[in-house]
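Colleague: Could you walk me through the aromatic contacts and the enclosed spaces here, with the reasoning behind each label?

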Amino acid sequence: MINITEKSNCCGCSACVQRCPKQCITLKEDEEGFFYPQIDKNNCIECNLCEKVCPLINPFEKITPIKVLAVKNRNEEERLASSSGGVFIALAKYVISHGGVVFGAVFDEKWEVKHTYTETIEGIRPMMGSKYLQSRIENTFSEAELFLKQGRKVMFIGTPCQITGLKKYLRKEYSNLLAVDVLCHGVPSPRIWRKYLNVQLNQINFRCVKSNATEVSSIKIDNINFRDKKTNGWKDYRFVIYGKYKSMDKKILLSESHNNNTFIKGFLSNVYLRPSCYNCRCKNGVSQSDLTLADFWGIDWILPDFYDDKGVSLVLVNSEKGDILLYSLNLDINTSAFPIVKKLNGGFKEKIQSHPKRRKFFKKLKTCENLINLINECSKPTFKIRLLNKINYINQKLLKWNHQ
């Protein structure tokens, strides 16, 4: 049976929960806000299916991409609504138009993130855009399996560990499955997001009424965009909360550059990532996805004629199935080389350094009265981190110079 003694040995994919024939495994949130499996040993029949479908206990072999591409959606509206080049919606619309089902991450009623599925074009929209949280997979692996067995096309997009978990759960290959993973920096704590959003809503409410008297419930959020590029473009994306206050018209309640947004700073500084993310064992081909989607950072000097600051996707083609589908869509495509793109996107790193103040952060969180100050205090880069960032910056400059 699954026995998590080291939290770095669980990615929270929930494959074990959904595969258990006795339904005696549940996910419980720990003090950091991450979910881990707990087993009701009284009902466990020790079939070991939970271990067999675990992507960390039984990882796949790595595969190498057969193509590395720069891709843009020709529909400008769809590309601007996407985090990068608008490839996801093009893939999803194809699957839906052929009677298929698309699984992806959406915000729930509390503005936390869960996986769900849609059979309509309208249902794709909430799945668009990066959501810097670990989504709850819930029962989507078993739901996807049911659709696959019915012979319907299924597209499932998620982080590398979620796609690896899905494939381990299914235990066989399906020709009608399009598995797509995203190049992932790691997943931050849903608990920290929950607290952060509550702080921001209180501050927004205070600014609206100049008083603490009104309840936060007076604010209605319409949308949250972690990667809004409509104002300052793709490179200088912004964190934006759209919503209404009482009877006021829809407006921007908060808009900050990603460099100034506290939650994103803590996330990118590796303060509150899931423990398994610091040594990811599912990325770089391990998930065996058909396609891998990412931002094509460096496209402005690798392919300057292809760059327009509206977003370009880096797509790793990992299977013939993914290759055939991609070239059948309304996309602009250019080829690139894997060694170059790997140096330009930190998401390829399997091992990342936990911030030295991570433990201090979660210890202080228990009695913290000002979350924003705590994140800012604990996300400040140390001398070693600043030095490594400087070396990385110089290396990228040299790479650019050599390429030119």
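Predicted model: local features only at pLDDT ≥ 70, side-chain atom pairs only at ≥ 80, totals over all residues.

Colleague: Happy to dig in! How many aromatic pairs does a search of the whole structure find?

Modeller: The search gives 24 aromatic pairs.

Colleague: Why is the pair of Y196 and F263 called tilted?

Modeller: The ring centres are 5.5 Å apart, and the limit for a pair is within 6.5 Å. The planes stand at 35°, while stacked needs under 30 degrees and edge-to-face over 60, so the pair is tilted.

Colleague: What makes this pair a link between distant parts of the chain?

Modeller: Y196 sits in helix α7 (residues 190–209) and F263 in helix α8 (residues 262–268), 67 residues apart. Both Y196 and F263 are buried. They also belong to one aromatic cluster, whose members include W193, F267 and Y272.

Colleague: How do you know that R274 lies over the face of Y36?

Modeller: R274 is at 4.4 Å from the ring centre, and the cut-offs are within 6 Å of the centre and within 35 degrees of the ring normal. K172 likewise lies over the face of Y174, at 4.8 Å from the ring centre.

Colleague: Which residues are closest to the centre of the largest cavity?

Modeller: Of its 18 lining residues, those are C11, C161, S276, C277 and C280. The lining divides into 9 nonpolar, 6 polar and 3 charged residues.

Methods: Residues numbered from 1 in each chain as written. Heavy atoms only, no water. Phe/Tyr/Trp six-rings, centres within 6.5 Å; stacked < 30°, edge-to-face > 60°. Helix = DSSP H or I, 4+ residues; strand = E, 2+ residues; numbered from the N terminus. Buried < 20%, exposed > 50% of the residue type's maximum accessible area, 1.4 Å probe, protein only. 1 Å grid on protein atoms, 1.4 Å probe; cavity = no way out; pocket = protein on both sides within 12 Å on 5 of 7 lines; lining within 4 Å. Nonpolar A, V, L, I, M, F, W, Y, C, P; charged D, E, K, R; others polar.
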